[in-house]
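Here's a quick briefing to read with the model open in your viewer.

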Amino acid sequence: MQHIHNAWFIKDIVKVTEDMWLKGWNERNGGNISLRLTQKDICSYENDFYRHPRFLETTRPFKELANQYFLVTGSGKFFRNVMLDPEDTLALIQINEEGTGYHILWGLHNEGVPTSELTAHLQSHITKMQVTNGQNRVIMHGHATHLIALSYVLELNYASFTKQLWEMSTECLVVFPEGIGIVPWMVPGTDAIGDETALLMKKHNLVLWPFHGIFGAGATLDEAFGLIDTAEKAAQILVNVMSMGGKKQTISTNQLIELAKRFNVTPLAEALAS
């Protein structure tokens with residue numbers, strides 16, 4: 001009999017939460033992750049599910065996600081502790097038929113609850129399911145240090161912000177050609193910030209929450225992590241460049257266009273024009 005602790009999705013989320021904590025993106029209980037799972041993913045582990053799973057209501061209905069499964073991090077749970085006790089820090093949930101709430105099938109065994117940003121995650125999952133034909137399965141949020149720092153000193157314009165990051169490393173335009181979306185500062189854990197983030201997720205895979213952190217989306221945990229990691233590396237380079245007196249030369253717009261052609265990606269037009 002297989003145990004859920006040995007499931008690929010538990011092993012993968014344990015690794016990525018440790019990686020994010022080691023990067024300094026997820027201090028204390030900061031940040032959250034959700035991974036959409038299929039019936040095929042979880043069917044071998046149903047013997048580990050609670051006989052009488054707790055039911056919690058959502059702040060709004062999510063009919064589009066009816067019966068969907070998600071592995072999510074818990075509210076108030078430290079990323080550095082996920083590797084030590086996944087069953088206390090994670091939850092496998094299933095949205096009910098009406099989309100009005102979810103059952104906790106496994107995890108959070110000390111009466112914990114899923115991340116306070118669950119609504120924002122679910123809203124972005126709906127968007128990404130629609131625009132990627134179901135390929136996107138991960139929403140990831142962390143407090144990436146240098147991206148946050150730049151939100152204090154750069155104009156919060158998604159086009160110019162994107163281009164500044166593209167200029168910091170040749171790979172950036174290839175990894176996130178659609179650029180980075182930016183919401184205005186908003187109170188976290190609310191439906192409103194989830195709505196704004198989901199709206200931008202129609203066009204972007206990265207959405208900056210100024211003075212707070214970054215939301216990333218991807219088909220896999222590795223893809224979402226790598227996306228944030230690439231943008232954060234570019235932000236770190238830019239912070240270093242600014243501290244050394246600013247740019248004396250950089251990748252030109254024409255060179256960015258050549259790069260896009262070479263790797264067959266369509267760069268954000270507004271960024272190229274900024």
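Glu111 counts as exposed, because its relative accessibility is 57% and the cut-off for exposed is over 50%. Keep in mind that this is a predicted model.

- To find Glu111, look in the loop between β5 (101-107) and α4 (118-131).
- Asn133 also has a positive phi without being a glycine, at about 55°.
- Asn133 sits in the loop between α4 and β6 (138-142), and with a relative accessible area of 67% Asn133 is exposed.

**Nonpolar cores**

- In soluble globular proteins, nonpolar side chains tend to be buried together.
- Here the largest nonpolar core has 58 residues, and Phe9, Leu71 and Met140 have the most contacts inside it.
- Helix α9 is the top contributor to this core, giving 10 residues.
- Another core, of 14 residues, lies apart from that one, and includes Ala91, Ile95, Leu108 and Leu122.
- What does Phe9 touch, once its neighbours within four places in sequence are left aside? Phe9 is in contact with Ile4, Leu35, Leu37, Asp41, Ile42, Tyr45 and Leu71.

**Aromatic rings**

- The model has 5 aromatic pairs.
- One of them is Trp8 with Phe9: the ring centres are 5.6 Å apart and the planes meet at 85°, so this pair is edge-to-face.
- Trp25 and Phe225 make a tilted pair, because their planes are at 35°, with ring centres 5.2 Å apart.
- That pair ties together distant parts of the chain, 200 residues apart: Trp25 is in the loop between α1 (8-23) and β1 (32-37), and Phe225 is in helix α9.
- Buried or exposed, for Trp25 and Phe225? Both are buried.
- Ring pairs also join Trp8, Phe9 and Tyr45 into a cluster.
- For a charge over a ring, check Arg262, which lies over the face of Phe263 at 4.8 Å from the ring centre.

**Helix α5**

- Which residues of α5 (145-153) are buried? They are Leu147, Ile148, Leu150 and Ser151.
- These residues cover an arc of only 160° around the axis, so they end up on the same side of α5.
- The exposed residues Tyr152 and Val153 are on the face of α5 turned away from its buried side.
- The cover over the buried residues of α5 includes α6 (158-166), β8 (206-209), β9 (213-218) and α9 (221-243).

**Around Thr73**

- Thr73 is in strand β3 (residues 69-73) and counts as buried, at 2% relative accessibility.
- A polar atom of the Thr73 side chain lies 3.1 Å from the backbone nitrogen of Ile33.
- Setting aside neighbours within four places in sequence, Thr73 is in contact with Thr17, Gly31, Asn32, Ile33, Phe79, Thr89, Leu90, Pro114 and Thr115.

Methods
Residues numbered from 1 in each chain as written. Predicted model: local features only at pLDDT ≥ 70, side-chain atom pairs only at ≥ 80, totals over all residues. Heavy atoms only, no water. Buried < 20%, exposed > 50% of the residue type's maximum accessible area, 1.4 Å probe, protein only. Helix = DSSP H or I, 4+ residues; strand = E, 2+ residues; numbered from the N terminus. Arc of directions from axis to C-beta. Contact = heavy atoms within 4.5 Å. Phe/Tyr/Trp six-rings, centres within 6.5 Å; stacked < 30°, edge-to-face > 60°. Lys NZ or Arg CZ within 6 Å of the ring centre and 35° of its normal. Core = buried A, V, L, I, M, F, W, Y, C linked by side-chain atoms within 4.5 Å. Polar contact = N/O pair within 3.5 Å; in protein donor to acceptor, adjacent residues only side chain to side chain.
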